[in-house]
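Here is a short briefing to read alongside your model. Take a look at the structure first, then follow the points below.

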Amino acid sequence: MSLWLSGIGVSRGIAIARVQKLHGGDLEIAEYTVAPEELEREIERFRDAQQQALAQLREVRSKIPAGTPGDIAAFIDTHLLMLDDRSLVDSTVANIRSAGINAEAALRRSRDALVAVFEQMEDPYLRTRRDDVEHVVSRVQRVLTRTERELPGGQVPLTEPTVIVADDITPADIILLSQQAVLAFVTEYGGPLSHTAILARSLGIPAVVGLHNARRLLRENELVIVDGEHGHVLADPDDKALEHYRRKQDQQAQDRRLLQTLRDKPAISGDGVEVRLQANIELPEDAAVATANGAAGIGLYRTEFLYMNRKGLPTEEEQYQAYSRVVSAVRGPITIRTLDLGADKQVDSGQRQGPTPNNPALGLRAIRLCLKEPELFRVQMRALLRASAHGQVRIMLPMISSLSELRQAKALMATCRAELIREGRVVADRIPVGAMIEVPAAAISSSLLAREVDFFSIGTNDLIQYTLAIDRVDDEVNYLYDPLHPAVLRLIHMTIEAGHKAGIEVSMCGEMAGDACYTRLLLGLGLTDFSMHPANVLEVKRAVREAQVGELRRRVADIMQAASLDDFASLLAAL
Ligand code: PEP
Ligand code: MG
């Protein structure tokens, strides 16, 4: 009999295949006393296991195929760092010595202490990083207890199409399994921000997470349908369901093929308006993925990822090499955003000094942090200016809320330029400087800011968060996150008009720009410059090519003039 199960759909797509369970999820760890004269040997045993776990992870990292999005290797790097972190290693050694217990139990105590720190964090994104601690510790526990986590097929690669069902899957397992015939992942734990979710999306493999009791409810080798968009899993489907989902699957495959034919076609609307579609990237390696998806340049390079998952800060030379690599790899302009650390993007929670702020999103982040720590900013600015010698670099400042921040940043840039020229370095003559419009204050004063920058880029992720007063990573208020809220649309409209009136370019690089269901609305609001996750470029291009921009502008003008909220909503729905 068929069985419908619901979890959280985190990676789109439909898969129909048989279940293979990932065994060995739960480890039984016993605690026992170790005689004082045996303690040094026990510490040695722990250190050996830690080194073996490191070697396993390094091997997985070396197996990541070339051309894979950079965030995938970054996840393994995070685990390598955690596994080698002194807070984990030293505390375990100390636990063995002080409590006189076995390595497995001592490691479990260290894990519990670390997990408790993560659980206290306000920020749901950081809270989910407790998964990383669990994954890393469980890898060492397995070496210590000699319990292999059995990947389906063991050492023999899977050949039959398979849906993997597990309690949780580590990034390392996902990488290994994705190189086999795995069509979808279903896990009992995790949420949309978990690494399983992010990785599955990057690899384009459908995934449903947070499906409690999945291992108990689904049988080994049973046929299932996984709908990674809606979060459904249908076990033992009848012929009617199979036919329905196979048809859907065919439609999606056909749609993907059709989209590919647009790759080299121009992004011009039905009535001849040229639109620029660029890509957002996070690591230099992503530049190749952006080009492969037909992006006309990089509209947002989030440089903070160079600072994350590592010990210490990147040097000027290292940053210069990274930026130059992107600049040389991409045809067209590259908009590099200066450091946007703080709030949900921390360098390393262990390095943070002072008390945790109550409202990190409203605290010292992005441009505020850079202006407070000019040396941090100066190193990055010098690297950016040096990279400008190799291509069309544009510099973008995040979270601008006042003219004075803009002026201070530009003054620091001028000082760095003069310094570099004195040192005989090459710097491009003209480097456009832009402001991200992601704070309501900036949108409202956009006509004033527009006089002092070369371009605007609207960051809707933050603009929506700050306009509607909802933490963008807090699940509890997620239902209020509404890109179509009239207040949000008015701010976007205001920014586009102010920018165009001042004769500067206005782009959008928040998630809204990459969601094809908003493309008509944004074109109607006057936007012609979009930047998005590379995977979304072709879908948005299709929406652009089908649009009649003149007509959309008239209709959107009516929406923005609507006399009541009801009129506003119904006109919008009919667009
Ligand atoms: C945004 O806020 O829309 C944006 C693009 O920046 P980030 O998501 O990196 O904060
Ligand atoms: Mg932002």
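## Surface and overall build

The chain has an accessible surface of about 26,000 Å², and carbon and sulfur atoms hold 50% of that (Shrake-Rupley method, 1.4 Å probe). This is a predicted model, in which local features need pLDDT of at least 70 and side-chain atom pairs pLDDT 80 or more, while totals for chains, interfaces and linings use all residues. Residues are numbered from 1 along each chain as its sequence is written, chains are lettered from A and ligands numbered from 1 in the order written, and side-chain values use heavy atoms, without hydrogens and water.

**The whole chain**
- The chain contains 23 helices and 16 strands (DSSP runs of H or I with at least four residues, and of E with at least two, numbered from the N terminus).
- Its radius of gyration is 25 Å, close to the 25 Å that the globule rule gives for 575 residues, so the chain is as compact as a globular protein of that length (C-alpha atoms; the rule is 2.2 Å times the number of residues to the power 0.38).
- Of the 575 residues, 52% are buried (under 20% relative accessible area, 1.4 Å probe, protein chains only).

**Strand S11 and its neighbours**
- In a regular strand, side chains alternate between the two faces of the sheet.
- From strand S11 (residues 334-337), Ile334 and Ile336 point one way, Thr335 and Arg337 the other, and all are buried.
- S11 pairs in the parallel sense with strand S10 (residues 298-302) over three bridges (pairing takes at least two DSSP bridges), and Ile334 is the bridge partner of Ile298.
- S11 also runs parallel to strand S12 (residues 393-397), joined by four bridges, with Ile336 opposite Ile395.

Technical notes
Buried means under 20% relative accessible area, exposed over 50%, partly exposed in between (1.4 Å probe, protein chains only).
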